[in-house]
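The following exercises concern a single protein chain.

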Amino acid sequence: QVQLVESGGGLVQAGGSLRLSCAASGSLFRINRINAMNWYRQVPGKQRELVALITRGGSTNYADSVKGRFTISRDNAKNTVYLQMNSLKPEDTGVYYCNAQIDISTHYWGQGTQVTVSS
């Protein structure tokens, strides 16, 4: 099994920045098979949406709504993925979840961290 622990959420004013972290622990066999690390966002009444992803090889992709403002990165030595969020907007408010994908049917989720952006 793989455990994911997020941190770094909080309350920030619009225009501010936050950096989220997600540390993976548990089975090294499974951790070494993680192909992509993803950040999702969920707000009440809406589906969980993919915000950013980074593959094992370092390729990244972002939701249109965060391009140019968010940056995802990973430190393989620490089994940690980061989400640097700049120029935050009130619509970025939500619970941010870290996700580790091994294959199409094997995913692990963190417990989520709240991000609140005040106007």
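**Exercise 1.** With which side chain does that of Asp64 meet in a salt bridge?

*Solution.* Two remarks on the basis of the work come first. The model is predicted, with local features requiring pLDDT of at least 70 and side-chain atom pairs pLDDT 80 or more, whereas totals for chains, interfaces and linings use all residues. Numbering runs from 1 along each chain as its sequence is written, and side-chain values rest on heavy atoms, without hydrogens or water.

Step 1. Apply the criterion: a salt bridge is a side-chain nitrogen of Lys or Arg within 4 Å of a carboxyl oxygen of Asp or Glu. The partner of Asp64 is Lys67, at 3.1 Å from N to O.

Step 2. Classify the two residues, where buried means under 20% relative accessible area, exposed over 50%, and partly exposed in between (1.4 Å probe, protein chains only). Asp64 is exposed at 64%, and Lys67 is partly exposed at 47%.

**Exercise 2.** State how many salt bridges the structure holds, and trace the network that includes Asp92.

*Solution.* Step 1. The structure holds four salt bridges.

Step 1. Asp92 meets Arg41 at 3.1 Å, N to O. This pair links distant parts of the chain, 51 residues apart: Arg41 belongs to strand S4 (residues 36-42), and Asp92 to the loop between strand S8 (80-85) and S9. Strands here are DSSP runs (E, at least two residues), numbered from the N terminus.

Step 2. Asp92 also meets Arg69, at 2.7 Å from N to O. Arg69 lies in the loop between strand S6 (60-62) and strand S7 (70-75), so its pairing with Asp92 ties together parts that are 23 residues apart in sequence.

Step 3. Asp92 is buried, at 1% relative accessible area, Arg41 is buried at 5%, and Arg69 is buried as well. The network of salt bridges links Arg41, Glu49, Arg69 and Asp92.

**Exercise 3.** Locate the disulfide and determine its handedness.

*Solution.* Step 1. A search of the whole structure gives one disulfide, defined as a pair of cysteine sulfur atoms within 2.5 Å. The partners are Cys22 and Cys98, with their sulfur atoms 2.0 Å apart.

Step 1. Cys22 sits in strand S3 (residues 18-26) and Cys98 in strand S9 (residues 94-103), so that distant parts of the chain, 76 residues apart, are linked.

Step 2. The torsion about the S-S bond of Cys22 and Cys98 is about -80 degrees; the disulfide is therefore left-handed.

Step 3. Cys22 is buried at 0% relative accessible area, and Cys98 is buried at 0%.

**Exercise 4.** Describe the pairing of S9 with S10 and the side-chain pattern along S10.

*Solution.* Step 1. S9 and S10 pair in the antiparallel sense over four bridges; pairing requires that DSSP find at least two bridges between the strands. Ala100 stands opposite Tyr108 in S10, and a hairpin through two residues joins S9 to S10.

Step 1. In a regular strand the side chains alternate between the two faces of the sheet.
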